Amino acid sequence: MATSRELSEFLASVERRAYKQALFAVRNQDLALDLVQEAMLRLVEKYGARPAEELPFIFQRILQNVIRDCFRRQKVASVWTTLVSALLPGRDSEQDPLETIEPAEVSDAMEGPAERVERSQVLVILEQGIQKLPARQREAFLLRYWEELDVAETARIMGCSEGSVKTHCSRATHALARWLRSKGIEL
C-alpha cells in the first residue's frame, strides 16, 4: 500500500508531464488543468490504497480515460450546439483560436542566450508537430518517449497490442522527422 507521502510525491512528480500530455490532447490550458486534476482525484479516491509501484500505470490509464471522456462530452455538446445554433437566425458560430504552447524553461546555466532561443524555437516547432499527430500516434509517442514507459506498459495503457504501439511510435517519429525537416531543422 502506498503511504500518503508516497502518493503525494508521485502526484507531484507526474503533475507537469500529465499537464503537457493533456494539453497536447485537448489544446486548451484550462481544460487540460481540469483533466489532470480529475485524474489525480480519481487516483487518490479509488486507487490510493494500491502499492506505490502500481501508481504510474494506473494514473496513466486514468488520465487517458479522462481525456477520452472529455472528447465524448465535447462531441455530444457540439451536436447540441449545432442544433441549437441552427434554430437561431443571424448568429455566427464562435470559434476559439488554437492556444499556443509556451516551451518549458531551460535551466541550464551554461547555455547562452542564442542557444536558449534556438532550443525554445525547436521545442515550439516540435510541440506543434506533436499536436498534428493522429490521437493514437500522439498517445503512443508521449507514453513511450515522454513518460519513458516500455512497450508492454504502453500497450496496457492504450489497450492494444505491443505491435500496435511499435507501429504508432514508428509512424509518429517518422511524421515528426518530416515535420522538423519541413521547418528546416535537421537532427
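**Asn28**

I started with the exposure of Asn28. Its relative accessible area is 29%, so I noted Asn28 as partly exposed. My cut-offs: buried is under 20% relative accessible area, exposed is over 50%, and partly exposed is in between, with a 1.4 Å probe and protein chains only. Asn28 sits in the loop between helix 1 (4-26) and helix 2 (29-47). Helices here are DSSP runs of H or I with at least four residues, strands are runs of E with at least two, and both are numbered from the N terminus. A polar atom of the Asn28 side chain lies 3.0 Å from the backbone nitrogen of Asp30.

**What I am looking at**

This is a predicted model; local features need pLDDT of at least 70, side-chain atom pairs count only at pLDDT 80 or more, and totals for chains, interfaces and linings use all residues. Residues are numbered from 1 along each chain as its sequence is written, and side-chain values use heavy atoms, with hydrogens and water left out.

I looked up the fold next. The chain has 7 helices and 0 strands. Along the sequence I read α-α-α-α-α-α-α. Of the 187 residues, 33% count as buried. I then checked contacts, meaning heavy atoms within 4.5 Å. Among contacts in the chain with a separation of 6 or more, 68% are between residues 24 or more positions apart.

**Confidence**

I looked at pLDDT, the predictor's confidence in each residue, from 0 to 100. The chain averages 81, and 80% of the residues score at least 70. Helix 2 has the highest confidence, at 94, and helix 3 (residues 55-87) the lowest, at a mean of 74. Over residues 80-109 the pLDDT is below 50, and this stretch has 22 contacts in the model beyond near neighbours in sequence. Where pLDDT is low, the predicted coordinates should not be read in detail.

**Salt bridges**

I counted a salt bridge when a side-chain nitrogen of Lys or Arg is within 4 Å of a carboxyl oxygen of Asp or Glu. The structure holds 9 of them.

I took Glu147 and Arg17 to begin with. Their side chains meet in a salt bridge at 3.3 Å, N to O. The pair links distant parts of the chain, 130 residues apart: Glu147 is in the loop between helix 5 and helix 6, and Arg17 is in helix 1. Is Glu147 buried or exposed? Glu147 counts as buried, at 11% relative accessibility. Arg17 is partly exposed, with a relative accessible area of 30%.

Then I checked Arg42 and Glu38. Their closest N and O atoms are 2.6 Å apart in a salt bridge. Both are in helix 2, 4 residues apart, so about one helical turn separates them. Arg42 is partly exposed at 25% relative accessible area. Glu38 is partly exposed too, at 26%.

**Thr154**

I found Thr154 in helix 6. Its relative accessible area is 0%, so Thr154 is buried. Which residues touch Thr154, leaving aside its neighbours within four places in sequence? The contacts are Ala140, Leu143, Arg144, Leu149 and Val165.

**Helix 7**

I followed Val165 into helix 7, where Val165 is one of the buried residues. The buried residues pack against helix 4 (113-132), helix 5 (135-146) and helix 6 (151-158).

Helix 7 (residues 162-182) has 21 residues and reaches 30 Å from its first C-alpha to its last, close to the 30 Å expected. The expected span is 1.5 Å times one less than the number of residues. Just after helix 7, I noted a positive phi of about 85° at Gly184.

Conventions. A polar contact is a pair of N or O atoms within 3.5 Å; within protein, one must be able to donate a hydrogen and the other to accept it, and residues adjacent in sequence count only if both atoms are side-chain atoms.
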